[in-house]
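Subject: Structure handover

Hi,

Here is the structure I promised to pass on. Please open it alongside this note.

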Amino acid sequence: MKKYLLIIFQIILTAGVLSLQSQPNRCLADDTAAIIISKKTAATDIIKQVRINIHYMLKSDNTGNFRMEDDGDGRTSYDGYKFAFDLTQWMNNNCAFNEKLNIPTGNTISVLDKNYSFILDAVYYWPDDLTYYYQSTTPAVSKSKNMDSVLNIFLSHQDNHYKCSGYASTTSESSKNKFTENRVYWYVYKGNRATNAPFDWFMHSAGHNTLHELTHLLGLYHTIMYNDGSSCPVTSSTPSSAGTCINDPFCDDGCDDTPTAYEVMLSNGCNKHPQCGWLSSNGDPTDIDCSNNLMDYAGTVALSPCQINTIHANLEGGMKTYLLCAAVEEDVSYCDIGYPKVSYYGKEVNIGCTANKATVSNKENLFVYYAENVELLNFEVSSTASIEFILETPCEF
Ligand SMILES: [Zn+2]
């Protein structure tokens, strides 16, 4: 007998709470090619959900990061799975929120809905001294999972580095080598706990950094900085000193509605560079000419219409395979499901086999996205675990 579970969940996203935290260090994309922004008009009104994997890089003795069973410091009330869900939720809250661009001052640029978000696909733990340290090796080669359809996020460590910061591998929509490596999140978490600081401070630092790096992978560049994060335009003293505006035509993100640093500085007599620092642009109306763009380092999340269109154009084009809607176009069968995979996808989804009971147990918190129906055969969910079945529409583009 077939059992159907048709449960539609509406995800209610609320605007994220901004908090005080120091500015993260510089990230960089490795692109050396010319900046390419798609001019194709995309369906920005169609919500696009992008699959992500989160990888915890641990020391070989299973210390030094969030773990499967605890927070890495022995607290079982928090663990790597919970942080992975919190990180995804923080990013989705801030994808559900847009704000008016601060620059150019006095602009009337539309504030559009972003309509993209993330789905946590799986969580991996890697006890391995060789990959524990930030860019000590190339983790994407040995540890990445499903690189052609999931963005891989690596959380690693660096000695004597104290701020959440990261690296994005590429902005190319046609690349399947898409990963971001991010450092010292766990270290910042430990400091947050040790000082009893608001947990939002830690989440804002880690969440903003991860969202910024993922949005590089979706095709965006810094708007007032070079790829390596240095201010532009530059002179021998960075940023350029008063009265000396330098126009570097290569310092441009390709979007006409995000002003260059040169354009902003021309308007203020070359007195103020728009890269003003972490949260400098937030809440102070007298502090003008400071970028609050997600792709700069202000800790804020504004995106322009061109930037939003670029993300959607890439997701409709070369990056379509990364979308949830593309993952529910084929029938699938699973004899068992569970961690490290968090999310499962299919058009018709069969779970459980005659000879093998599919069990969802321990603290597993799973999601099944399906386009037509789910059939459960020989299936069990323990009282400590959960599973949600979510109806999803295949891609409409
Ligand atoms: Zn960046």
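Below is what came out of it.

This is a predicted model: local features need pLDDT of at least 70, side-chain atom pairs count only at pLDDT 80 or more, and totals for chains, interfaces and linings use all residues. Residues are numbered from 1 along each chain as its sequence is written.

Confidence. The mean pLDDT (the predictor's confidence in each residue, from 0 to 100) is 87 for the chain. Of its residues, 86% reach 70 or more. Over residues 1–26, pLDDT stays under 50. Where pLDDT is low, the predicted coordinates should not be read in detail.

Strands are DSSP runs of E, at least two residues, and helices are runs of H or I, at least four; both are numbered from the N terminus. Five strands form an open, mixed sheet, in the order β2-β1-β3-β5-β4. Its edge strands are β2 (116–127) and β4 (165–168), each pairing on one side only. Pairing takes at least two DSSP bridges between two strands. β1 (residues 48–58) runs parallel to β2, with 11 bridges. Within that pair, I52 has L120 in β2 as its bridge partner.

β7 (residues 343–351) pairs with β9 (residues 365–376) in the parallel sense, over eight bridges. Here Y344 stands opposite V368 in β9. β9 also pairs with β11 (residues 386–391), again parallel, over six bridges. L366 faces I387 in β11 as its opposite.

Best wishes

Definitions and conventions. Two residues are in contact if their C-beta atoms, placed from the backbone, lie within 7 Å.
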